[in-house]
Each structure stands twice: as C-alpha cells, then as structure tokens.
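Trainee: Could you take me through this model one feature at a time, giving the general idea before the particular case?
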Amino acid sequence: MPDRLTIRRPDDWHLHLRDGAALKAVLPYTAHQFGRAIVMPNLSPPITTAVAAQAYRARIIAALPANADFTPLMTAYLTDDSDADALAAGFADGAFVAAKLYPAHATTNSAAGVTDIRNIDAVLERMAEIGMPLLIHGEVTDHRVDIFDREAVFIDTILLPLMSRLPTLRIVFEHATTEHAVTCVREGGANIAATITPHHLLLNRNAMFQGGIQPHHYCLPIVKRERHRLALLESATSGDPHFFLGTDSAPHAVSAKETVCGCAGIFNAPSAIENYAEIFDAAGALDRLEAFASINGPRFYGLPVNAGSLTLERAPSVVPALVKLDDRDAIRPFRAGETLGWSIVEEDLS
Ligand code: NCD
Ligand code: ZN
C-alpha cells in the first residue's frame, strides 16, 4: 500500500454551507480540500429563484478565505409552485447547475418542499429536455413508514416510476444509504448516479446508541444496518462511475444538536477527504479514490475535471474538537478530536 497518494483536486457533490456566521465558519474547510461543491439550497427561506441563487453565490464568494480557489455550484429548491420556464432560464444562464427535490418535511428546512411529485411533472419534463440534473432526497415522509425503510419505499413508489416516466431525466440519488439504493443506481443506466457520504461509509445504526444516545451521529437519511453500510462501501470503492463523493456535511450548532429535539445533520467538512482516504485504504482501494472523489462527479455533470491536484500522506491528522460559530456557540465536527490516519500534505491549485 502506498504511503502517499496524489489525486486530481476533488469536488464535493453535496454540501450544506448555510449562511452568515455559519457560512464564514464552515466554508474554509471545504474550500481547502475541494475545487467545487454542489451547494444545497435548503436555507430559510429556501433558494427558489435565480436571483436568490446569484445573491447566495456572491455571499459564498465573499466569505472565502484569501487565496482560496473554490467554485460554488448553485442549486434550485423545488416547490409545488416551481415554474419550468423560470427554472430553465436559470439553468441556461448558469445561475443553477441542478435542482433539488426535497419531499416536504423530509429533513431540515424542507417544509416548503414538494408535497407530491406529480405536482411538478411539467418542471421535471422540462429538466429532462434541457439536461438539467435532478438531485433527490430520496425518502418518503409518511410517518406510518418506519424511518429505516423510508429510502427503500421511496425508491419503489416514487423513484422507479419516475425513471420509467422520464428515462432521459438525469438524476442524482443523494446520500444513498441502502443496498436497495445502490442496486437501483447500479442497474439504472447512464442517467442516474448517487453520492455517498463518509459517515454512511463508517457508521451503522448502532453508532447512534453507542453507550448512550449520540446526537452527533444523527442525520437524515438515518444511518442503517451494517449490511447496508457494506453495500455502500462496496459501491463507493468499486470504481463504478455511478458513484461519487458527496459529503452531505450539514453543520448545526452544538446547542441545536444536544437538546430535547435535536437537528439532523453531521458536520464532516473539516476532515472529509482524510476520512474517505482512510475508508478507501482500509478497503484496499486507494487506487480508486481518485475516480470516486475527482472524476466520476464531473463526468456525470458534464464538467471538466479540476486542473489541480491534492496529495495525501499516511500520517496522523487530528479532527478539531469544536469549530467556533459565534460568541455563544460552536459546531462539533464528525469524529471530533480523533486522530485520523491520513493527512493533506500538498495542494496544487493550478
Ligand atoms: C441536512 C441539513 O441539516 O440541512 N441534514 C441531514 O441530516 N443530512 C439536510 C439533508 O440533507 O437531509
Ligand atoms: Zn444534505
């Protein structure tokens, strides 16, 4: 096994950057590792228009550290009222690179999401025509469905029928968490792909209850059984172009996580690529990290791979214990305070 690995500069194809003080606190970690990121639109209020996306992009650029080389790729938040013409115009002029489907009430800031996918038939037809990718939070929201089954039920009742109705629609099944999802994506042809997070590759559902309730291991879709983690691991490290890196880094203040009704989301940005390197190394698949992190994503989105590179070394790196948010609050990273086996040693931004 090599002790040093140089890959094309990677990208993060699923990221929550938030806004204001949180944006300023979390953005440097992503900009340090990644050339680009697909920025999720679930702010409050959500990013539903091209004007709002352009203004958000400008706030992200303004919050970048000096000398950073990072391009935010903006997304539109779909609602029952989304308008096909407005969305297509935003895609044509580069305000959006994709649109995100949040089933209403599936997750953080999704109350304005889509209440029934058939309400946006016209929008989805237009997206298929113009080649605009649809990014899906794939969980049903019916509370009678067990939380651990919501992804599989979404695939059977919503995703597969959508893929038959609109076979040319380009779909990214975000943060895949089940065997069912990876099978559907692997067998789904060239128009579907999936992102996989570091935490879903590392944790199974026991991690939420290890020695007591662990709010920092709570995210949506919720982590699943070991069998599913192994299926994700196999897919991510297989080199299959259907699968690529998306951290779903989702920062929430410690006060919002460690409380009576804690928020869903794991903040993994401070050590994202080091975590993936450790995972691929343990699986004996370091030679496939570049495809997953740097090649498969841009290929799916029809974008060039980054020109620069990133060099990792088998050397200890320590995850920060806390990231300061403001005078009162901080954000606790995934694996806070732990020592990981890989470090970033060089970056060529060229
Ligand atoms: C995300 C968030 O906090 O914005 N939370 C999460 O648990 N992943 C939303 C999401 O991607 O579901
Ligand atoms: Zn997310």
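Mentor: Let us start with a loop: P45 lies in the loop between β3 (36–39) and α2, where helices (H or I, at least four residues) and strands (E, at least two) are DSSP runs numbered from the N terminus. This is a predicted model, in which local features need pLDDT of at least 70 and side-chain atom pairs count only at pLDDT 80 or more, while totals for chains, interfaces and linings use all residues. Residues are numbered from 1 along each chain as its sequence is written, chains are lettered from A and ligands numbered from 1 in the order in which they are written, and side-chain values use heavy atoms, with hydrogens and water left out.

Trainee: Which residue does a cis peptide bond join to P45?

Mentor: That residue is S44, and omega of the bond is about 0°. The peptide bond from L220 to P221 is also cis, with omega near -10°, and P221 sits in the loop between α7 (198–202) and α8 (226–236).

Trainee: How should I read the packing of α3 and α4?

Mentor: Two packed helices are described by the angle between their axes and the distance between the axes. Here the axes of α3 (residues 84–92) and α4 (residues 121–130) come within 9 Å and cross at roughly 30°, the axes being lines fitted to C-alpha atoms, for helices over the stretch in contact, with angles running from 0 to 180 degrees between N-to-C directions. The two helices α3 and α4 are therefore roughly parallel to each other, a term for angles under 35 degrees. On the α3 side the contact (heavy atoms within 4.5 Å) is made by A84, D85, L87, A88 and F91, and on the α4 side by A122, V123, R126, M127 and I130.

Trainee: At what angle do the axes of α1 and α2 cross?

Mentor: The axes of α1 (residues 20–33) and α2 (residues 50–63) cross at roughly 65° and come within 9 Å. In this pair, L23, K24 and L27 of α1 meet R59, I60 and A63 of α2.

Trainee: How many residues surround ligand 1?

Mentor: There are 15, each with a heavy atom within 4 Å of the ligand, and the closest are N42, T107, L220, D248 and H252. Among the polar contacts (pairs of N or O atoms within 3.5 Å), a polar side-chain atom of T107 lies 2.6 Å from an oxygen atom of ligand 1, and a backbone N or O atom of L220 lies 2.8 Å from an oxygen atom of ligand 1.

Terms used. Parallel < 35°, antiparallel > 145°, perpendicular 65-115°, else oblique. Polar contact = N/O pair within 3.5 Å; in protein donor to acceptor, adjacent residues only side chain to side chain.
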